[in-house]
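Subject: Structure for you to look at

Hello,

Here is the structure we talked about. Please open it alongside this note; my findings follow below.

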Amino acid sequence: MAETYHHPLLPTGNFTAPVAGVYYFTVLHHAGGDHGTELGFYKNSWRETAHNGENAAFLQLQRGDKIDTGATTDDAQLSSSSDTSTIMREFREKLQAMETRLEGSENQILELKTKESTKVIFSAEAGRGDASIGPFNTDTTVIYKKVITNIGNAYSQSTGIFAAPVAGVYYFSIFYHASGSHGSMLRLFKNSEEIVIAHDFQSDSDRADNGANAVFLQLQHGDQVYVQLAANSHIWGASHSTFSGYLVGQI
């Protein structure tokens with residue numbers, strides 16, 4: 001039958017949960033070799049784990065649940081109070097080592113939570129009403145003036161440039177509508193590199209043109225993505241013409 005061992009320095013050896021929740025417990029012990037030693041975590045007199053030397057466990061408790069450690073065999077023996085200083089010194093050393101490992105785990109969990117909580121989503125339209133954009137005699141960055149969504153504030157409606165707030169994989173799309181009186185060409189750039197285009201030729205018989213493209217891009221923090229209207233081409237400035245993107249996942 002298990003017996004609860006009370007260290008001379010502790011009054012009861014019990015932990016009572018003040019609130020319902022998930023708790024983390026560690027137990028370390030030191031003993032002589034003349035007897036076997038096995039301790040168990042007890043939650044309301046029910047053994048949850050056994051350990052020889054050290055162990056740890058996360059336990060879901062309700063308010064008032066009690067936790068203690070008990071020897072699980074009749075001949076189990078812990079060192080007496082004469083070894084208290086040695087036990088406490090070794091306990092502190094092992095506890096410090098476990099706390100260091102736990103701190104590393106907590107940092108990893110925090111990093112994962114930060115990644116999960118980072119949201120970057122935007123959509124913007126040309127915002128020129130019925131007016132067209134272009135044609136210009138040089139390549140021109142399109143400034144999508146009417147912001148529909150801008151979670152994370154990574155898109156600038158004053159410059160038309162999206163700047164990656166974190167490293168990761170992003171998805172971008174461009175759509176446009178235009179008349180056939182001029183050619184239409186939008187070019188999506190990552191920094192100074194042209195990535196994809198959406199294009200249609202001038203046509204006397206085709207009174208309206210639509211174009212679109214989309215791409216996944218791996219970006220580093222600070223990388224810029226923007227759309228240029230090619231020289232001598234145009235698009236309509238209404239809600240048909242949009243630029244959108246979102247963070248798929250951090251890397």
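Helices (H or I, at least four residues) and strands (E, at least two) are DSSP runs, numbered from the N terminus. By that count, the protein chain has one helix and 19 strands.

Two notes on sourcing. This is a predicted model, where local features need pLDDT of at least 70, side-chain atom pairs count only at pLDDT 80 or more, and totals for chains, interfaces and linings use all residues. Residues are numbered from 1 along each chain as its sequence is written, and side-chain values use heavy atoms, with hydrogens and water left out.

**Overall**

Of the 251 residues, 35% are buried (under 20% relative accessible area; exposed is over 50%, partly exposed in between; 1.4 Å probe, protein chains only). Take the contacts (heavy atoms within 4.5 Å) with a separation of 6 or more: 74% are between residues 24 or more positions apart.

In soluble globular proteins, nonpolar side chains tend to be buried together.

**Ser-244**

Ser-244 sits in strand 19. Is Ser-244 buried or exposed? Ser-244 is buried, at 15% relative accessible area. Its side chain makes a polar contact of 2.7 Å with that of Ser-123 (N or O atoms within 3.5 Å; within protein, one must be able to donate a hydrogen and the other to accept it, and residues adjacent in sequence count only if both atoms are side-chain atoms).

**Salt bridges**

The whole structure has two salt bridges (a side-chain nitrogen of Lys or Arg within 4 Å of a carboxyl oxygen of Asp or Glu). Asp-139 pairs with Arg-187 at 2.7 Å, N to O. These two are 48 residues apart: Asp-139 lies in the loop between strands 9 and 10, Arg-187 in strand 14. Arg-187 also bridges to Glu-194, with the closest N and O atoms 2.6 Å apart. Arg-187 is buried, at 16% relative accessible area. Asp-139 is partly exposed, at 38%. Glu-194 is also partly exposed, at 38%.

Best wishes
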